[in-house]
Amino acid sequence: MTGQGMQGAGYCERLSGTFWAEPLNAVSNAAFLLAALAAFLLLRRHGRRDWPAESLTALVAIIGVGSFLFHTMPQRWTLLADVVPIQLFALCYFGLALNRFIGLSPLLAAIGALLFLAACFGLASSLAPLLPVGMRGSAGYAGFLLGLAGVALAARRSGDAATGGRIAFAGLVFALSLSFRSLDSVLCGAVPFGLHWGWHLLNGLLLYLLLRAAITHDPPAVSRNWPT
């Protein structure tokens, strides 16, 4: 996001530089905290240590805090607090999925996750110039959508239809979420308070679905490669 976006042009709801200039965008970040809480309770019910899922659960809570800071105090450091945890979650979850759902070794899963992140940046750079100005910020997430589709397909092909179905459903939620984000500025005239809050609410659901898929996955697939 450019400096202009941080001054308030980035989201339809923000019309000034005051703390509560984006009330819906700010408050809707509670969805991430609720997702983290629900995943934490799910971990407790399972009664076993799962440090990859536990770490990702904590990261979801950090995403909520970082996004709240950015939507109330749009500055460069709060932009980093918003963006970095999201990128880190995507990187780590994709690596976990390659290991836990597909069965790759930790080393190959880590390499695959790094290649995935590089491909996401490359796709974003190629796609952004083709989109209207107000939608270019969503180009960076196109790779994540394709990644979810790939994981769902790979899981099904490996015989894990249940996980494939869960990840596919999460992908559909993300597609709808990305639509809210992309249309925020495009429909600003028709929806003065914007649509970015929908991105937060649906992403809270998305992250919970992804965490649930990881937490409830067959334990032998976890113990095969990851210490628990």
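Analyst: Let us begin with the term contact, which means heavy atoms within 4.5 Å. Please note that this is a predicted model. In it, Val60 touches Phe32, Ala35, Ala36, Phe89, Leu207 and Leu211, when residues up to four places away in sequence are not counted.

User: How should I read the packing of helix α4 with helix α9, and at what angle do their axes cross?

Analyst: Angles over 145 degrees count as roughly antiparallel. The axes of α4 (residues 51–72) and α9 (residues 196–215) come within 10 Å of each other and cross at roughly 170°, so α4 is roughly antiparallel to α9. On the α4 side, the contact is made by Ala53, Leu56, Thr57, Val60, Ile63, Ser67 and His71. On the α9 side, His196, His200, Leu207, Leu211 and Ile215 take part. By class, the residues of this contact are seven nonpolar, five polar and no charged.

User: Which residues touch the most other members of the largest nonpolar core?

Analyst: A nonpolar core joins buried nonpolar residues through side-chain atoms within 4.5 Å. The largest one here has 46 residues, and Val60, Phe89, Tyr93, Phe101, Ile167 and Leu210 touch the most other members. Two or more residues each are given by α3 (30–46), α4, α5 (76–100), α6 (106–127), α7 (142–157), α8 (161–183) and α9. Helix α9 provides the largest share, 11 residues.

User: How many aromatic pairs does the structure hold, and how is such a pair described?

Analyst: A pair of aromatic rings is described by the distance of the centres and the angle of the planes. The structure holds 12 aromatic pairs. One of them joins Phe19 and Phe68, with 6.2 Å centre to centre and 70° between the planes, an edge-to-face arrangement. Phe19 lies in the loop between α1 (3–9) and α2 (23–27), whereas Phe68 lies in helix α4, 49 residues apart. Phe19 is partly exposed at 35% relative accessibility, and Phe68 is partly exposed at 26%.

User: Is the pair of Phe94 and Phe116 stacked or edge-to-face, and are the two residues buried or exposed?

Analyst: Planes under 30 degrees apart count as stacked. The ring centres of Phe94 and Phe116 are 4.0 Å apart and their planes lie at 15°, so this pair is stacked. Phe94 belongs to helix α5 and Phe116 to helix α6, 22 residues apart. Both Phe94 and Phe116 are buried.

User: Which residues form an aromatic cluster with Phe94 and Phe116?

Analyst: Tyr141, Phe144, Phe174 and Trp199 form one aromatic cluster together with Phe94 and Phe116.

Methods. Residues are numbered from 1 along each chain as its sequence is written. This is a predicted model: local features need pLDDT of at least 70, side-chain atom pairs count only at pLDDT 80 or more; totals for chains, interfaces and linings use all residues. Side-chain values use heavy atoms; hydrogens and water are left out. Axes are lines fitted to C-alpha atoms, for helices over the stretch in contact, and angles run from 0 to 180 degrees between N-to-C directions. Helices (H or I, at least four residues) and strands (E, at least two) are DSSP runs, numbered from the N terminus. Angles under 35 degrees count as roughly parallel, over 145 as roughly antiparallel, 65 to 115 as roughly perpendicular and the rest as oblique. Ala, Val, Leu, Ile, Met, Phe, Trp, Tyr, Cys and Pro count as nonpolar, Asp, Glu, Lys and Arg as charged, and the others, Gly among them, as polar. Buried means under 20% relative accessible area, exposed over 50%, partly exposed in between (1.4 Å probe, protein chains only). Rings of Phe, Tyr and Trp (its six-membered ring) pair if their centres lie within 6.5 Å; planes under 30 degrees apart count as stacked, over 60 as edge-to-face and the rest as tilted.
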